[in-house]
Amino acid sequence: MSLIILNRARRVLTVAVILGQGFLALPLWAEPNVDWDSLRAAYALYTKDPTDSNASKVCSFLPHDLGYSAPPTARRNHSETEKFILRGLGVLEGQIFRSKPNSVALAFRLYTIADGEFAESLDVTLGKLICRNPRLFLQQLKANRHLVARLDTLLMNYGPDFTEDDQAQAAEYRHRLKCVRKVRDRELQDIRDECVEFMEENP
């Protein structure tokens with residue numbers, strides 16, 4: 001058995017333990033615990049005054065990567081914060097639909113603490129941006145690709161309005177695919193092609 005030290009991402013250092021054909025990545029330390037009180041206060045301010053700077057302030061209290069796990073003593077705070085932000089998600093959604101880049105970036109960063117209904121709501125909200133502003137969607141997806149665990153739930157979760165309506169879902173799928181294909185920016189070519197390829201393979 002051998003050990004390899006890997007610099008996985010930003011401040012996270014891992015030890016990869018090679019065992020036969022595979023390896024196990026073991027974190028030497030994780031991101032600091034979230035200041036939940038400050039996060040809720042920052043989001044409350046954002047809902048009252050959804051400026052770019054207030055969106056960035058909320059981001060400053062969020063983890064940088066997926067995989068954050070609240071310690072047992074913070075799990076109640078984590079759950080309460082998810083519910084608090086979910087109740088005020090309409091303000092964030094409104095700013096996303098106005099194509100505010102910092103608010104779109106905030107929605108992606110919220111994936112770091114989101115689970116269940118909260119994560120699904122983020123999927124639906126960000127997915128609606130695809131046809132409203134496909135270029136901005138791809139820009140932010142490229143910048144935050146490491147925060148998206150599953151492309152299918154982001155690209156093709158159409159929300160409750162499409163539940164049990166196969167024709168509406170098919171029409172929305174075609175519309176989103178068409179919008180993504182239209183983006184021609186050279187710097188977005190790779191992320192566009194990834195989305196197009198994924199959607200074509202998973203209609």
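Predicted model: local features only at pLDDT ≥ 70, side-chain atom pairs only at ≥ 80, totals over all residues.
I'll start with the whole chain. The protein has 203 residues, and 42% of them are buried. There are three strands and ten helices. Reading from the N terminus, the order is β-β-β-α-α-α-α-α-α-α-α-α-α. If we take contacts between residues at least 6 apart in sequence, 61% of them join residues at least 24 apart. The exposed surface comes to about 11,500 Å², with 50% of it supplied by carbon and sulfur atoms.

Next, a helix pair. Helix H6 covers residues 116-132 and helix H7 covers residues 134-143. Their axes are 6 Å apart and the packing angle is about 130 degrees. On the H6 side, the contact uses Leu126, Leu129, Ile130, Cys131 and Arg132; on the H7 side, Pro134, Leu136 and Phe137. By class, that contact has seven nonpolar residues, one charged and no polar.

Last, the aromatic residues. The whole structure contains four aromatic pairs. One of them is Tyr43 with Tyr46, a tilted pair with 5.7 Å from centre to centre and 40 degrees between the planes. Both tyrosines sit in helix H1, residues 36-48, three residues apart, about one turn of the helix. Are they buried or exposed? The cut-off for buried is under 20% relative accessible area. Tyr43 has 1% relative accessibility, so Tyr43 counts as buried. Tyr46 is at 0%, and therefore buried too.

That is where I'll stop.

Notes: Residues numbered from 1 in each chain as written. Heavy atoms only, no water. Axes fitted to C-alpha atoms, helices over the stretch in contact; angles between N-to-C directions. Helix = DSSP H or I, 4+ residues; strand = E, 2+ residues; numbered from the N terminus. Contact = heavy atoms within 4.5 Å. Nonpolar A, V, L, I, M, F, W, Y, C, P; charged D, E, K, R; others polar. Buried < 20%, exposed > 50% of the residue type's maximum accessible area, 1.4 Å probe, protein only. Areas by Shrake-Rupley, 256 points an atom, 1.4 Å probe, with all protein chains shown as cover. Phe/Tyr/Trp six-rings, centres within 6.5 Å; stacked < 30°, edge-to-face > 60°.
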